[in-house]
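Hello,

Here is the structure I said I would pass on. My notes on it follow below.

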Amino acid sequence: MRDTFCLKWDQDHGAKLVDFHGWRMPVSYEKGILYEHEATRTSAGLFNISHMGRLRVHGPQAYKFSNYAFTNDLTQINIGSALYGFILNDKGGIIDDVIIYKESNDRFLWIINAGGRETDVDHLRRLSAGKDLTIDVLSDQTALLALQGPKADAVLRRLVKDADLDKIPYFGFGRGTIEGKSVFLMATGYTGEDGYELMVPVEDAPMIWELLVSQTEVTACGLGARDSLRLEAGLPLHGNDIDGTTQPYEAGLGWAVKMNKDGGFFGKEALNPYPTRKLIGLTLEGQNIPRSHYKVVSEGKEAGEVTSGVFSPTLKIGIALAYVGKDFLEKPLAVDIRGKAIAAKIAKLPWVRHVTKIKAKNGN
């Protein structure tokens, strides 16, 4: 397994470490997942997400290439903004969901998932063969932190210099310093809360982590809270809810696919805008906990399958994301939990979302 800069700190602070896509990462610290979840919802949670990948695509053909390799349309945002979208395979399946930050018209920062650190790069290098651009892999030179929650902004205002946070809109970014060390500040996150993701040189990461976690509002959090937070926010997880066998439209993510953009995109011809199943949110009755791979049933028939589920710490009910056949969407649904059909209702996503940072004028 690979380790991030934070291993010793994790070990010294009671982290429960697990193998996550080949990385030794904390599920939680001494006070547990529920405490960390609540801390993020009410104050500020600090997550080490350095297992995720960072790429910079730059050069004369970087713009055209990035737009072709990506389902969303980078021509629709300004420099200083970012977009969410997908890298597709030739069958229209989701190799990865990514965020691209438009640093200039010939320079783009890609944030990719941990499971795609090799596959994404291989795919992009194949697509870019012969083109006048460079793909720099920044993953080992940098660290990535996420400070999320209603008090994250106040914490960073005390610590960040050389940057005006008021000028960084939602899905925007800027550059500043913390204790004289450079920080790439991104107003993005995976929790349904206001907050930032910070890319810093890996040699500066231990100091910046220690400084952030020493703030009275901040609680160190592991992957367990990150998962329950993102699920309450209705956000898909690659490898669970979306993967190389699922397409964006069936995952309810067609808004991040621009079928009519100039030049198209790789995988477009294989997409089906009218799939026979759909990824939906389900809310269960009582204290029941839905789990991944539990069957969704309707009037004695199999209707689909849960992809992610949790007992919501905020709502105190079981919630799940599940693929369900379109023929069953107007019918009564239940989740089969150990042979018992537990009634479930289709939920309007997200369950919990507290993002208040003003969105950029360009519609992100």
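This is a predicted model: local features need pLDDT of at least 70, side-chain atom pairs count only at pLDDT 80 or more; totals for chains, interfaces and linings use all residues.

Thr71 belongs to the loop that runs between helix H3 (62-68) and strand S5 (82-88). Its side chain has polar partners on the backbone of two other residues. A polar atom of the Thr71 side chain lies 3.0 Å from the backbone nitrogen of Phe86, and the backbone oxygen of Ala256 lies 2.8 Å from a polar atom of that side chain. Leaving aside residues up to four places away in sequence, Thr71 touches Gly85, Phe86, Leu88, Ala256, Val257, Lys258, Lys261 and Phe265.

The whole structure contains 12 aromatic pairs. One of them joins Tyr84 and Phe86 in an edge-to-face arrangement, with 5.3 Å from centre to centre and 80 degrees between the planes. Tyr84 and Phe86 are both buried. Elsewhere, a single aromatic cluster is made up of Phe5, Trp9, Tyr29 and Trp209. There is also a charge over a ring: the charged end of Arg277 sits over Tyr323, 3.9 Å from the centre of the ring.

Next, the cysteines. How many disulfides does the structure hold? The count is zero. For Cys6, the reason is distance: the closest cysteine sulfur, in Cys221, is 12 Å from the sulfur of Cys6, which is too far for a bond, because a disulfide needs the two sulfur atoms within 2.5 Å. Cys221 is likewise in no disulfide, its nearest cysteine sulfur being that of Cys6, 12 Å away. Cys6 counts as buried, with 1% relative accessibility, and Cys221 counts as buried at 2%.

The last item is helix H2, residues 33-42. Which residues of H2 are buried? They are Glu36, His37, Ala39, Thr40 and Arg41. As background to that pattern, an α-helix has 3.6 residues a turn, so residues three or four places apart point the same way.

Regards

How values were computed:
Residues are numbered from 1 along each chain as its sequence is written. Side-chain values use heavy atoms; hydrogens and water are left out. Buried means under 20% relative accessible area, exposed over 50%, partly exposed in between (1.4 Å probe, protein chains only). Rings of Phe, Tyr and Trp (its six-membered ring) pair if their centres lie within 6.5 Å; planes under 30 degrees apart count as stacked, over 60 as edge-to-face and the rest as tilted. A charge sits over a ring if NZ of Lys or CZ of Arg is within 6 Å of the ring centre and within 35 degrees of the ring normal. Helices (H or I, at least four residues) and strands (E, at least two) are DSSP runs, numbered from the N terminus. A polar contact is a pair of N or O atoms within 3.5 Å; within protein, one must be able to donate a hydrogen and the other to accept it, and residues adjacent in sequence count only if both atoms are side-chain atoms. Contact means heavy atoms within 4.5 Å.
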